[in-house]
Every structure is written in structure tokens, then in C-alpha cells.
Amino acid sequence: MYGLTLYIVLLPLFGFLTLGLFGSRIKNEKLIGIFGSGTVGISFIIASVIFVHMLGLDESQREHIETLYTWISTFTGTATSLDVSVAYQIDQLSILMTLVVTGVGFLIHVYSIGYMHGDKGYWRFFSYMNLFIFAMLNLVLADNFALMFLGWEGVGLCSYLLIGFWYEKKFTGDAAKKAFVVNRIGDFGFLLGMFLIFQTFGSLNFDTVFGSASVFSVGNPTLKWITLLLFVGAMGKSAQIPLYVWLPDAMAGPTPVSALIHAATMVTAGVYMVARCSVLYALAPATLQFVAAIGAVTAVFAATIGLAQNDIKKVLAYSTISQLGYMFLAMGVAAFSAGIFHLMTHAFFKALLFLGSGAVIHAMHDEQDIRHMGGLKKYLPVTYWTFLVASIAISGIPPFSGFFSKDEILWKAFSSDYGSVVLWFLGLFGAALTAFYIFRLVSLTFEGKERFSHDTHPHEAPRTMTIPLIILAFLSMVGGVVGIPRSLLGGNAIERWLEPIFASANSKLMISEHNVAWGEYVLMTLSVAVALAGIYAARLIYLRRMEIATAFVERYNKIYNLILNKYYVDEAYDKAIVTPIVNASDKILWKGFDVGIVDGLVNGSAGLVALTAQWLRKIQSGVAQNYAIIFIGGIVFILTWLLLK
Amino acid sequence: MVPIQSYLALSAILFVIGAAGVLARRNAIIVFMSIELMLNSVNLTLVAFSAHLGNATGQMLVFFVMTVAAAEAAVGLAIVIALFRRKKTVNLDEINILKW
């Protein structure tokens, strides 16, 4: 049964290789689309079968490791040798991630069949998407840090390839480069963390490392550094402050890419990594505080930027950064399963939001500015209703999924020994902003007056695009069922499912099962109230009283411009870091060293040889008697030398 | 009897005169004459030693040298004539095409 795990990972790889090698010769788009989606779909089915099998097993029997082959094996003759295998670990956490990745991935592949229709790189798109799924599965199923890092880098590569998919446009190439470079900075931290882990534990294997972590006491400095460095990697991959700047630019890629990579899966890799290493983080409370702080601040910071953006995808990009902040906030207050729960629900409604925006962009013939939209619900009913469902979910209105996951995070931020009122308040404020900006988006895009010219003729998307929307809407509505907390008479199934994973972390943190406190109901009511207020305010302003918005912009012009221009962070980075490095590379490394010294040496030595040759060739005068003189001279010299010896 | 040193000294002087001629003269015919002079000085040395040592081997070698000198003069002059037909001169300083 577990042997099927290998097929989950290898099928997308097979898809990538087949489409990559032969795709350009296949003229039938449908074939490519079905094949590309099929590999992911079959992976999902296998994962589901394994999941169902696991449900029937006893808790202690659910973890299983499948080894493919030994990757690195060094024999040093001493205690520590590096042994890394390509081995996959199926347990409660990884199967959950696998289901999300393959499930949402499959829906997005199907959506892409319609969305990418007519593109001349159709086969290339599906091969890259399959490669991405392969890399992501390696990341979530790996049983050691090295294989996880392979997946980590692999998804970064696919992100680069897919953001820059339309490579003929310069700005997409720039966005792809930016994503890769910023990611790399994070990856450097991750690598340093890995080195430290190997030095400390002598192994990169999860079971070994997490098993022997118990010998360390809470607050150990080595563990603090390990967890911090790993988190730097997460900051890059999951777009937290200060390494979030690549995600808004990444919107230059096709919308399915934004949905899959920059909403549902790749950016969640950091969250998964923290969850996987929960034992290590439990032993480093300082890092946990840092994680929570970064998460909360990012959540609010990004939400404020999202308020003012006019590009439909940029609003969603900042929304993603903000929601990822919530996930890290959860991790930071040691609510690990809450963070994973939010990861899952967010995958549903954020993918849906992006795919919906894709349908809008498709209908509006590549218009992305919401100021030029409006009243689209008449023309795109399915898109409108599914988008609305996702918006309600992300705002955290019960009984939709987003309510349960977000509320769990806010409750834990408030009540946990590792949380604080400040963190909770930031989360609450962020929730208000979230509701506001998402309904601003809905109102300006789908409702109200039509602000576009009627030559555009918007029309609803084809069924390959709308059916995934409907499925994701359904999941956004009911997906919360697995996490209904005990306070609302649910069994909190997801927390119980993941409990064995986080058991050792929780025991170190001394987190016990809290009884339901009345405070939880108060907080719940507050967050719903705040969300409803945000929705009401957004609809009031953008549907009926636009003058409030314009007056606000005029009166607080400076603040508005600050937010509209994303707090000028990109410009600051450019001035402080990018431009100096580019200049130094240009003037010192290129012109000074490479051209001046290296080329100078090579050309110089050639020049020296040439000069010498110019001088020496004059000996060959062509007059035979000159040569004869030299003969005689030589003979005389030799004879004198012999005589004098 | 004339001592052998006289013959050898004469031969050496003739050789040097011949060598100087080969190196310093411009006219190709004069250079050939100098070469012949060098060869003949060697002949003189050989004959002197042959008479002094009472061994006929020296005189035998003289025959060979004379034969070779004759053949070489014939071929050399043929080359000079071919060269003259081309460049209309026998001035060795002007024959310098095979250079840099």
C-alpha cells in the first residue's frame, strides 16, 4: 500500500519529462492538457487511497517511510558520515500536504487547459507545472533535510520558469529574476541552518534529528540559531518581511501560476517546514517570538498595501503575503495545527480568488485594472458567485472555512502562553483590513456601474475553467468542517489528526489541552463583528458613497501615496542594495578585474610575444653571405673554446 | 728540403684568403673562385702530409676532392646562369628574397 507513495512523486516527473521532450511535437492541445492534468490527478487519487487507508489504522502505525535509493553515502570512518537517501515519509502531516498540493494542483491544471488555450508555449507550460508538482511533493514528502532542500530549490526554479513563462516580455523576465534572487537569499539562510544541523546532530534525517533533539534544554543557543536560520529560508520562500518583495512582481506570470505557486503551494513551504521542525522550534522560544512577531507585522503591513492597489492580481498578492503572516503567527504562538489548518483553507479560497481573477482577466481581454471594470456579475455569474464565496471565506465569516482556521489562530494568539494581546490585536486589525480590501475588490470588479467600453464583450469562461472554480468554492465553504473547535461542539478533527506530529513539541512547550474558556466566544464574536464591519464599510463606500474614498485620498494624500507605492520598499532596496552591487560589479569586477587584469594579462602576454618576434625576425635577411658569417663565427668560437680548454 | 711547416702555413694562409673572399665579395663568380681556392688549399695540405709521412692515402683523397670541386663548380655556375637570367645581376647583395 505504502509502496504506491513512489508513484505519487514519480508520476509528475514522468509528465514533465514526456511533455518536455516530446511536447513540442504534439499538435493536439487537448492531449497535452489531459496528459499534464492526468499525472497530477492520478497522484491525487493514490494519495487519497493512502489517506483512507491511514484513517483506518491505529495512530501509532500511521507513519511510514518508503526509500527509493541511497543518494549520498560518505564513509569517513568516524562517527559522523553523511548518509542521505531519496526516501519519502508518509505521516499525518505529509499526507495532508500531499492531498492539498495534488488536489488543488489538479484543479489548477484542469483550469489551465482552458486558460492557456492558444498559447504557443502550451506544452512548455504543462511540463513546467508538472515539474513544479514533482518538486513540491519532494519537499513535503521528504524524510530528510537534503531532499527537502532539493524540493525547496526545485520549486524556486519552477517559480522562475513559470513567472518568466512569457519570456519575450522584459518585465516578466525581470520579475522572474527578482523572485529567484530574493528566494536565494532565504535559501542561503536555510543552507546555513542545514549545515549547523549536521554539525550538531551528525545527520540530516528528520527522525534522527528530531529524536535526539530532546537532549537539548529549552533555550539552547545552537538550536536558537538553527531555527532562526531555517526561518530565514522561510521568510524568503513564504514572502515575509523583509523578503516578500518578489511576490507582487511575480504576478507577471500567468494566473494559474499565481494560483498554484504563489497562493496554494510553494509559498506555504516555509509554513510546512516550521511545522515539520516543530520540535526544534519548541526548544527555541526566542525564535518562536520572532516568528510570531514577523508573522503578525507582515499580516497587517501587507493588508494595508492591499487596500490601495488597483490591479486585481496585486490585491490578491498582498492578500497572500498577509495570510501567510497569519500562518506564521500561528506557528509562533505554538499553534502548529492551527497554522496548517489555515494553510489548507487558504489554499482553497486563495486559489479560487486567483482563478476567478483569471476568468475576469480572460473575459476582459487582459485588462487587470479594477478601475476599468465594474458590473461584471451580469456577464460572469459563475465567476462572481464563486469569487464571492471565496471572499466571504477569507473574511472569516462562519460557517465558511476561513472563519474556523483564522479564528483558531486568533484565539491561540490571545490565549496561548506564547501569545499576547498585542499579537491578537494585530491579527484582529488585519482581519478587519482583509474583509475591507477583499470586498473593495468584489465591489469594484463585479458590482456597481460598468466602467469599461462595450466593445470588450465580456463572456463567461469555458467549463474547464468554471468547474474547478465551483469545486474550490465548495471546498471553501465546507472545508472548515475538519477544524470545528470544541467550543463550537466540533471534534477539531484536524488538530487530533496532526496531534502525534506535534506531540513532542507540545510536551516541550508544556502546552496542555485547554478547557473551553468563555473568552473564546467573546473573541469569536469580536472577529466576526469586525469582519462584518469591514465588509459593510467596503460595500458602502465603493457601491454607493465613492466620495468618501476620494475625500479620504485627498485629505490623507501622503499616507495614501505611501500605501499605493508599497511604502517605497522596492525603491529603498534598489537604492541601498541593488544599485551599489550592480555598480560595484560593473566598475570593479567587470571593467576593473575581468577586462583590465585578466584580459590584460592574456592579451599582454600575447603582445609581448609579438613584440619579441618583430624584433627577432630581422635576423633573416635573405642574403646567404650573412648566414655564412654566422657559421664562421660559430666555428671560430667553438675552436677557440676547445683550444683553450 | 722545404720543412712541412712552410707548406702548412701557406695552406692556412690560402684557406683564410679564400674564406674572406667567400664572406666579403659581392660578385658570385668571385665567390666561386674563393671556394675553389679554399678547396685547393686543402689539397696542398693533403699532398704535403702525404709526402712527409710517405703515405699515399693523402694523394688519393686529393683526387676525390678535385673531382667534387669540379662537379660543384659546374653545378654552381649553372645556378648562377639561371639566377642571372632571372635577376640580370650576379651581385649577391641583391639576392635576398628568401627573408622575413
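Predicted model: local features only at pLDDT ≥ 70, side-chain atom pairs only at ≥ 80, totals over all residues.
1. Setting aside residues up to four places away in sequence, Ala351(A) touches Val104(A), Ile108(A), Ala259(A), Ala263(A), Ala264(A) and Leu472(A). Along with Phe132(A) and Leu329(A), Ala351(A) is among the residues with the most contacts inside the largest nonpolar core, a set of 212 residues. Helix α15 (residues 336–363) of chain A gives this core its largest share, 17 residues. As background, nonpolar side chains in soluble globular proteins tend to be buried together.

2. Have a look at Gly105(A) too, in helix α3 (residues 92–115) of chain A. Why does Gly105(A) count as buried? Because there are 29 C-beta neighbours inside 10 Å, and 20 or more is enough for that label. Apart from neighbours within four places in sequence, Gly105(A) is in contact with Val40(A), Ile133(A), Leu260(A) and Thr265(A). Take Ile133(A): it sits 28 residues from Gly105(A) in sequence, but the two C-alpha atoms are 7.4 Å apart in space.

3. On the overall layout of chain A, the assignment gives three pieces: domain 1 (1–76 + 90–141), domain 2 (164–563) and domain 3 (569–644). Going by C-alpha atoms, the centres of domain 1 and domain 3 of chain A are 58 Å apart.

4. Two cis peptide bonds in chain A deserve a check on your screen. One runs from Ile241(A) to Pro242(A), with omega near 0°; Pro242(A) lies in the loop between α8 (221–237) and α9 (246–249). Another joins Pro398(A) and Pro399(A), with omega about -5°, and Pro399(A) is in the loop between α16 (381–395) and α17 (401–415).

5. Next, positive phi values outside glycine. Asp366(A) has phi near 70° and belongs to the loop between α15 and α16 of chain A. Buried or exposed? Asp366(A) is exposed, because it has 7 C-beta neighbours inside 10 Å. Tyr568(A) has a positive phi of about 55°, in the loop between α23 (557–564) and α24 (569–616) of chain A. Tyr568(A) also counts as exposed, with 12 other C-beta atoms within 10 Å; that is still exposed because the label covers 12 or fewer.

6. Now chain B. Its secondary structure is three helices and zero strands. The C-alpha trace spans about 50 × 25 × 25 Å along its principal axes. The radius of gyration is 17 Å, whereas a compact globule of 100 residues would be near 13 Å. Buried residues make up 6% of the 100 residues. Of the contacts in chain B between residues at least 6 apart in sequence, 44% join residues at least 24 apart.

7. Within chain B, helix α2 (residues 28–53) has 26 residues and runs 38 Å from first C-alpha to last, close to the 38 Å expected. Its buried residues are Val31(B), Ser41(B), Asn43(B), Thr45(B) and Leu46(B). Their cover includes α1 (4–24) and α3 (57–87) of chain B. Just past the end of α2(B), Gly54(B) has a positive phi of about 70°.

8. Finally, how many residues does each chain bring to the contact? Chain B supplies 10 residues and chain A supplies 11. The chain B side has seven nonpolar, one polar and two charged residues.

Conventions: Residues numbered from 1 in each chain as written. Chains lettered and ligands numbered in written order. Domains from an automatic or database assignment. Contact = placed C-beta atoms within 7 Å. Nonpolar A, V, L, I, M, F, W, Y, C, P; charged D, E, K, R; others polar. Helix = DSSP H or I, 4+ residues; strand = E, 2+ residues; numbered from the N terminus. Expected span 1.5 Å × (residues − 1). Core = buried A, V, L, I, M, F, W, Y, C linked by C-beta atoms within 7 Å. Rg over C-alpha atoms; globule rule 2.2 N^0.38 Å.
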